[in-house]
Every structure is written in structure tokens, then in C-alpha cells.
Amino acid sequence: MKALQLEKPQAWRRIDIAEPAAPAAGEVLLRVHRIGICGTDISGYLGKMPFFSYPRIPGHELGVEVLAVGPGVTNVAPGDRCSVEPYINCGHCYSCRRGHTNCCETNKTLGVMPPSHMTPRVLCDGGMTERIILPARKMHPSKKLSFDQLALVETLAIGCHAVNRGEPKPGEAVLVIGAGPIGLSVVEFAKLSGAKTIVMDMNEQRLAFVRDTMGVPDTILTKGDGEELKRLAELTNGQLADVVVDATGSNKSMAHALNYCAFKGRLVYVGITQSEISFLQAPALHRRELDIRASRNALPPDFTRIIKLIEDGQLDTRPWITHHASFEDMIGVFASWTKPETGVIKAVVAVD
């Protein structure tokens, strides 16, 4: 069975792997149809993802078809189309017992992390292959969505959870820093919250997408000249942002982001960095009594909500997919997807 493996940073190879065995109790055998390429895959390719291990078969944004189910599986049946919740949690740790399955103490995200004693059947290689065995509890079915749409649900779930962490209210101002795929997913749910949504980025092409395609008129181009704060103040009647979500993964941006927060504001970090974050203006943190919150992965209700929103036409995934590749061609084009000038919002790989 064919698969694509990231042997080390910037080194893909085509490999053959064994066919999966029959699904055990609580498991499903899946055929992979679509794979979304996300920032984690890009960072893993570039060697910048702190949780990534090599060699690894990536791929965790998946649109799949159920081929067979193991004993006791009732939530899906053969032929069902599903999105995959790729966070393999233990179900027993303190976080899981409290319902925080997104930050399980031994979480193994599919296609990112190495296996552990908690995942004996799921080795955490991802979906860049033809067929895969996964826990049935991680399936989110839809009778209406295409495989392309299902592959986008996980990306949207990251933004959904980040906005939930920020708790914006109608009439408040939300500043999203970084208009990459994760930032754009944050934008979708900031809009749905009823808050005034403002987007900041260094790339004018991305900001044009935000304005013209996503219908968000208020954008701020970062030029490094210190004018960003003045522009934000103009857009918020001098109050700055009630919620700031930093989706850049840049430690410099993350350190500076608190300066955009209003008094009693909430700062949410959804981007990940390996570098230290130093608060040069730490008194502002105390004086404004700011909350700093992390956002990791997503929760099962996020997937359910997103599927319903797409089915009902409240979320349009069509503008998201800007680049396609076949399974056979992906290695040849992947490097170009890492370059901002390529204009990639979301690339999707077709296995079939």
C-alpha cells in the first residue's frame, strides 16, 4: 500500500507499507480520499514544528470513507463519509476525565507525534496513505459534505476553539494577528460571534483575500513602522481590542500582541513557537489586568458544530482551497506551498 513519508526535514519519500489489519473493537478501517495540508505539515517539512518527530507519515486533515467497522461500533457504518478528529487522547488522565480531551496529558496527534504505550494500535502515522485504522470515536460523519469539505473541518475547528477560548461578545472587537490558514479559521468564528473583526498581517495579498473573499473590511498591514497601534485605535474608538488572537507562531509577534489588548482584554495564543516569549512591556499586562490564554487543538463539539454550519451554508469552504495535487504529484509541488508568494491558502491532496 502506497504512502508518503517525511524522512527528515525537507526530505519526502514514497514508501510501501503493509495493509492494515481488520479493525478491532471500537475501531474503523478507512479509505483516505482527501488530505488537507496545514501549518503543522509545513512546519514539519521545514523542521520548525516542536512536536514533530521523524520519520513520519503526516496528514491529519482528512476526508475519509468508512470501509469496515470493528465489534461494538455503532456511530458509523461502512460507506459513511467522515471528517477525522485527529487527537488521539487516552481518556483516563486528569484532563480527559474533565472533558478537556484536546489537551490530554499523553495526546498523540495523528501524523505528528511518535507512538507511546497509550497508543499501541495507533502508531500516530497520519493519513498520507490509502487506508488507515483509527478509533471510531474520532469519526464525525456527514451525509451532505464532500471529501474536500470534510478535509477542511479540522482546520476550522482550530479557529473555532481559539475563538471559544477568547469568549468574544457581540459588539466587542477581535483582532486576529496572522492571516494564514489558522488565522483565517479564527476570522470565520470571530465573525460568527458578532464581534467586530479586525485582521493584521505583513502580507497585503492575504489581507486582500480577507477583505475581498471573507468580507472583513477592517485590515491592518504591518510595516514595522509602529503605525499598527494607531490604526487599531482608530478602528476601535481608542479602546483597542477586547480579544487578540495571535496565529503567527512568531515569538516576536506574540510578545508584542499584548500591546493591542484593551483594558480587561483577553490574549489568545493559537500559534506555536519554539522560542522564548519575552514581555518587554510587562507593566501593561498588570495595569490592564489582561488574561493570557493558550488554545490547543479542538473539542468534539467543535467538529459537530462546523459540519452543521457547512451543511447549512453558513460556512463556505470553496474559497479556502486554492491549490490541488494528486497523491503522485504532491512531493514535486510541496516545497512551493511553503512560499508566501505562491498564494496558498489551503492545499488539498487527492488520494483517489
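Let me start with proline 319, which touches Phe209 and Thr213 once residues up to four places away in sequence are left out; contact here means heavy atoms within 4.5 Å. Before I go on, a word on what we have on screen: this is a predicted model, where local features need pLDDT of at least 70, side-chain atom pairs count only at pLDDT 80 or more, and totals for chains, interfaces and linings use all residues. Residues are numbered from 1 along each chain as its sequence is written, and side-chain values use heavy atoms, with hydrogens and water left out.

Back to our proline. You will find proline 319 in the loop between helix H9 (300–311) and strand E16 (321–326). Helices (H or I, at least four residues) and strands (E, at least two) are DSSP runs, numbered from the N terminus. Proline 319 counts as partly exposed because its relative accessibility is 27%; buried is under 20% relative accessible area, exposed is over 50%, and partly exposed is in between, with a 1.4 Å probe and protein chains only.

Now to another isoleucine. Isoleucine 292 sits in strand E15 (residues 291–294), and at 36% relative accessibility it is partly exposed. Valine 268 is 24 residues away along the chain, yet the two C-alpha atoms are separated by 6.0 Å. Leaving out residues up to four places away in sequence, isoleucine 292 touches Leu267, Tyr269, Phe279 and Leu285.

On to the helices. In H1 (residues 39–46), Thr40, Asp41, Ile42, Gly44 and Tyr45 are buried. What covers them? Strand E1 (2–8), strand E2 (11–16), strand E3 (27–37) and helix H10 (330–337) are among the elements that do. Just past the end of H1, glycine 47 adopts a positive phi of about 80°.

How do H1 and H10 meet? Their axes come within 11 Å and cross at roughly 95°. The axes are lines fitted to C-alpha atoms, for helices over the stretch in contact, and angles run from 0 to 180 degrees between N-to-C directions. So H1 is roughly perpendicular to H10; under 35 degrees is roughly parallel, over 145 roughly antiparallel, 65 to 115 roughly perpendicular, and the rest oblique. Asp41, Ile42 and Tyr45 of H1 meet Phe334, Ala335 and Trp337 of H10. That contact divides into five nonpolar, no polar and one charged residues, where Ala, Val, Leu, Ile, Met, Phe, Trp, Tyr, Cys and Pro count as nonpolar, Asp, Glu, Lys and Arg as charged, and the others, Gly among them, as polar.

For a second pair, look at H3 (residues 147–166) and H4 (residues 181–193), whose axes come within 7 Å and cross at roughly 55°. That angle is why H3 is oblique to H4. On the H3 side, the contact includes Leu156, Ile158 and Val163, and on the H4 side Ile182, Val186 and Phe189 are among the residues. By class, there are ten nonpolar, three polar and one charged residues.

Last, the cysteines. How many disulfides are there? The count is zero, taking a disulfide as a pair of cysteine sulfur atoms within 2.5 Å. For cysteine 104, the closest cysteine sulfur belongs to cysteine 90 and is 3.6 Å away, so it is too far for a bond. Cysteine 104 is buried, at 2% relative accessibility, and cysteine 38 is buried too, at 7%. Thanks, everyone!
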